[in-house]
Amino acid sequence: MSDPYTDVQLIDKKGLRLDGRKLDELRPIKIEVGVLKRADGSCYLEWGENKVIVGVYGPREVHPRHMQNPMRGIVQARYNMVSFSVSERKRPGPDRRSTEISKLLPEALEHVVLTDRFPRTTVDVYIEVVQASAGTRCAGLTAASVALADAGIPMRDLIASVASGKIGGKLVLDLGQAEDTYGQADVPFAMVGRTGEVVLLQMDGHLTIEEFETLLEMNRKAALEVYEIQKAALKDRYSSFTEEGEAEPDAPEEEKKDEKKEKKSSPPPKADKEPKEPKEPKESKEPKEPKEPKEPKEPKEPKEPKESKEPKEVKEPKAKDEKAPVPEEMVEEATPEKDDKGPAPAGGDE
Ligand code: ADP
């Protein structure tokens, strides 16, 4: 009556896992922003052996129209594992699992997207898992959040996601493929980076209440690490733009620039961090007046050239927000003020 699962040695005598990680160690995570030329926002993420690409489109008209909400926009997602993403060829197309994940992820994202800013429209998030190795829903959600920011979608923060579980009787962070397969429990989790609000929580397997609580804590701590990686990736992306919003020499495709410039024209420096609610859905395509060179460098009270005509108060965070859609800043300053004025995701309406 041996337990087939515990017979698989997932933790060695030194307390290390199959890939050499400690029990509470994440797999390496790499995030690249703005990888797709034709998407409004995009992200490529590697998480251990997982490889995920996310493309974001919108806000754009909702089809079918009866799905339009006059009070707010909607976020839709499609999670898909491509045929060659797993060791045995996966049958293409949606299945029960991908349908479930495609429902969960936008529900989580709607907690941070300020949907009341783009009524009647939809933001579509396409999550393609090109290589899967456990934890793909967390990887997909983490990447989707970054891609939304890259698209300049008004958000109050990023969502960071990670899973933990139980293997060989021990509680561990971030299950790998074998651990997921032979482990005893899996707890995918996602939270809003700044507030810690939980927006996704699932459990597969058996745990005691104490074990579950311990895993929650492990997830929370690890999600903060993921959150930092997300922010760093966004900063990285935007730091390659000059103050005028032009990309550095190494990224030539002009058209791409033109499109993206507007959205990302916002300053690399932290100066104006206000831009959380980037652009208005539709106008977003219009060139946003790139900032004056100096602005970016100014700390926070830059009543600079153009704004100079406006009274100083215009500099209130909100005013700027509209112009500078920079993700980094969404992350930095978003939460508090926004929430007041723009009803939070869950119950939004003006
Ligand atoms: P998650 O990827 O979020 O952990 P699951 O726990 O359902 O979701 O899946 C764990 C892992 O099992 C996936 O990451 C993938 O590597 C593998 N897997 C899932 N579905 C399939 C499938 N249809 N064929 C082969 N492997 C799969």
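1. Let me start with a loop. Arg-120 sits in the loop between helix 1 and strand 5. Its phi is near 70°, a positive value in a residue that is not glycine. Arg-120 is classed as partly exposed because 17 other C-beta atoms lie within 10 Å. Please keep in mind that this is a predicted model. As background, most residues other than glycine have a negative phi, and most peptide bonds are trans.

2. Asp-174 counts as buried, because it has 26 C-beta neighbours inside 10 Å.

3. Two peptide bonds deserve a look as well. The bond from Gly-58 to Pro-59 is cis, with omega near 5°, and Pro-59 is placed in strand 3. His-63 and Pro-64 are likewise joined by a cis peptide bond, with omega about -5°; Pro-64 falls in the loop between strand 3 and strand 4.

4. Five strands form an open sheet in the order 1-2-3-5-4, with mixed pairing. Its edges are strand 1 (29-33) and strand 4, each of which pairs on one side only. On average, neighbouring strands are turned by 15° against each other, direction ignored. Helix 1 (residues 96-109) packs on this sheet, touching strand 4 and strand 5, and its direction makes about 145° with that of strand 4.

5. Strand 3 (residues 50-61) pairs with strand 5 (residues 121-131) in the antiparallel sense over 9 bridges, whereas strand 4 (residues 74-81) runs parallel to strand 5 and is joined to it by 8 bridges. Val-129 of strand 5 is a handy landmark: it is the bridge partner of Val-52 and also of Met-81. Another bridge into strand 5 links Gly-55 to Tyr-126.

6. Met-81 itself lies in strand 4. Is this residue buried or exposed? Met-81 counts as buried, because 22 C-beta neighbours are found inside 10 Å. Beyond four places in sequence, Met-81 touches Val-86, Lys-90, Ser-98, Val-129, Ala-132 and Thr-136.

7. What about the core? The largest nonpolar core has 70 residues, and those touching the most other members are Val-54, Leu-109, Val-125, Ile-127, Ala-143, Ala-144 and Leu-148. Setting aside neighbours within four places in sequence, the contacts of Val-54 include Val-125, Ile-127, Ala-143 and Ala-144. In soluble globular proteins, nonpolar side chains tend to be buried together.

8. The axes of helix 2 (residues 136-150) and helix 4 (residues 209-238) come within 11 Å and cross at roughly 30°, in a right-handed crossing. Helix 2 contributes Thr-142, Ser-145, Val-146, Ala-149 and Asp-150 to the contact, and helix 4 contributes Val-226, Gln-230, Ala-233, Leu-234 and Arg-237. These residues divide into 5 nonpolar, 3 polar and 2 charged.

9. Finally, the whole chain. It holds 9 helices and 10 strands, and buried residues make up 48% of its 350 residues. Among contacts between residues at least 6 apart in sequence, 72% join residues at least 24 apart.

Methods: Residues are numbered from 1 along each chain as its sequence is written. This is a predicted model: local features need pLDDT of at least 70, side-chain atom pairs count only at pLDDT 80 or more; totals for chains, interfaces and linings use all residues. Axes are lines fitted to C-alpha atoms, for helices over the stretch in contact, and angles run from 0 to 180 degrees between N-to-C directions. Helices (H or I, at least four residues) and strands (E, at least two) are DSSP runs, numbered from the N terminus. A crossing is left-handed if the near helix is turned anticlockwise from the far one by less than a right angle, and right-handed if clockwise. Two residues are in contact if their C-beta atoms, placed from the backbone, lie within 7 Å. Ala, Val, Leu, Ile, Met, Phe, Trp, Tyr, Cys and Pro count as nonpolar, Asp, Glu, Lys and Arg as charged, and the others, Gly among them, as polar. A nonpolar core is a set of buried Ala, Val, Leu, Ile, Met, Phe, Trp, Tyr and Cys residues joined through C-beta atoms within 7 Å. A residue is buried if 20 or more other C-beta atoms lie within 10 Å of its own, exposed if 12 or fewer, and partly exposed in between; C-beta atoms are placed from the backbone. Two strands pair if DSSP finds at least two bridges between them.
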